[in-house]
Amino acid sequence: QAEKNFINIDFRIGNISDLPFREITFDVVLASNVLHLLSDPNRALFEINRVLKPNGKAILPTFCHGENIISRTISFLMSLSGIKIRNKWSTESFKYFVESSGFKMLRFEVIQGKIPLVYLLAEKS
């Protein structure tokens with residue numbers, strides 16, 4: 001495939017709970033497989049909402065450790081090895097969490113597995 005010459009793409013890394021960017025800066029924010037690890041995911045969604053432009057998109061793939069007994073058991077076993085899962089949403093409770101934080105759902109897909117993965121695309125309301 002031919003190389004694309006995009007000049008309007010800028011990748012940055014920052015603390016999701018205290019993003020070092022002005023308000024209304026980005027068209028898209030990607031937070032991949034991180035929200036279930038945070039002690040304050042509400043703050044993270046607030047920050048994502050803050051830096052998004054009107055109608056900006058948030059891509060939020062997240063493992064849902066609270067979906068069922070299998071996912072909760074695996075999550076517990078992971079904690080014994082030092083992996084701390086702080087938010088054990090079900091797929092539906094994760095969707096509700098994002099919607100109640102001021103986002104409109106555009107795409108919501110569940111990728112089944114021992115710990116289901118939600119692919120969620122939302123728009124800033």
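The model is predicted: local features need pLDDT of at least 70, side-chain atom pairs count only at pLDDT 80 or more, and totals for chains, interfaces and linings use all residues. Residues are numbered from 1 along each chain as its sequence is written, and side-chain values use heavy atoms, with hydrogens and water left out.

**Stop 1: the patch**

Select Phe6, Ile9 and Phe11. They make a nonpolar surface patch of about 410 Å². Like charges are joined within 9 Å, and nonpolar side chains (Val, Leu, Ile, Met, Phe, Trp, Tyr) within 5 Å. Areas come from the Shrake-Rupley method with a 1.4 Å probe; for residues, only the protein chains shown count as cover.

Phe6 sits in the segment before strand 1 (26-30). Helices (H or I, at least four residues) and strands (E, at least two) are DSSP runs, numbered from the N terminus. Is Phe6 buried or exposed? Phe6 is exposed, at 57% relative accessible area. Buried means under 20%, exposed over 50%, and partly exposed in between.

**Stop 2: Arg50**

Go to helix 1 (residues 41-51) and pick Arg50. Arg50 is buried, at 17%. Its side chain reaches the backbone oxygen of Phe21 at 2.8 Å. Beyond neighbours within four places in sequence, Arg50 is in contact (heavy atoms within 4.5 Å) with residues including Leu19, Glu23 and Lys124.

**Stop 3: Ser75**

Next, select Ser75 in helix 2 (residues 69-80). Ser75 is buried, with a relative accessible area of 0%. Which residues does Ser75 contact, leaving aside neighbours within four places in sequence? They are His65, Ile85 and Lys88.

**Stop 4: helix 3**

Show helix 3 (residues 91-99) and colour Thr91, Phe94, Phe97 and Val98, which are buried. Look down the axis: the buried residues fall within an arc of 120 degrees, so they line one face of helix 3. The arc is that of the directions from the helix axis to the C-beta atoms. These buried residues pack against helix 1, strand 3 (62-63), strand 4 and strand 5 (117-124).

**Stop 5: Ile111**

Finish in strand 4 (residues 103-111) at Ile111. Ile111 is partly exposed, at 46%. Leaving aside neighbours within four places in sequence, Ile111 is in contact with Pro116 and Leu117.

Definitions and conventions. Patches are made of residues with over 30% relative accessible area and no salt bridge: like charges are joined within 9 Å, nonpolar side chains (Val, Leu, Ile, Met, Phe, Trp, Tyr) within 5 Å. A salt bridge is a side-chain nitrogen of Lys or Arg within 4 Å of a carboxyl oxygen of Asp or Glu. Buried means under 20% relative accessible area, exposed over 50%, partly exposed in between (1.4 Å probe, protein chains only). A polar contact is a pair of N or O atoms within 3.5 Å; within protein, one must be able to donate a hydrogen and the other to accept it, and residues adjacent in sequence count only if both atoms are side-chain atoms.
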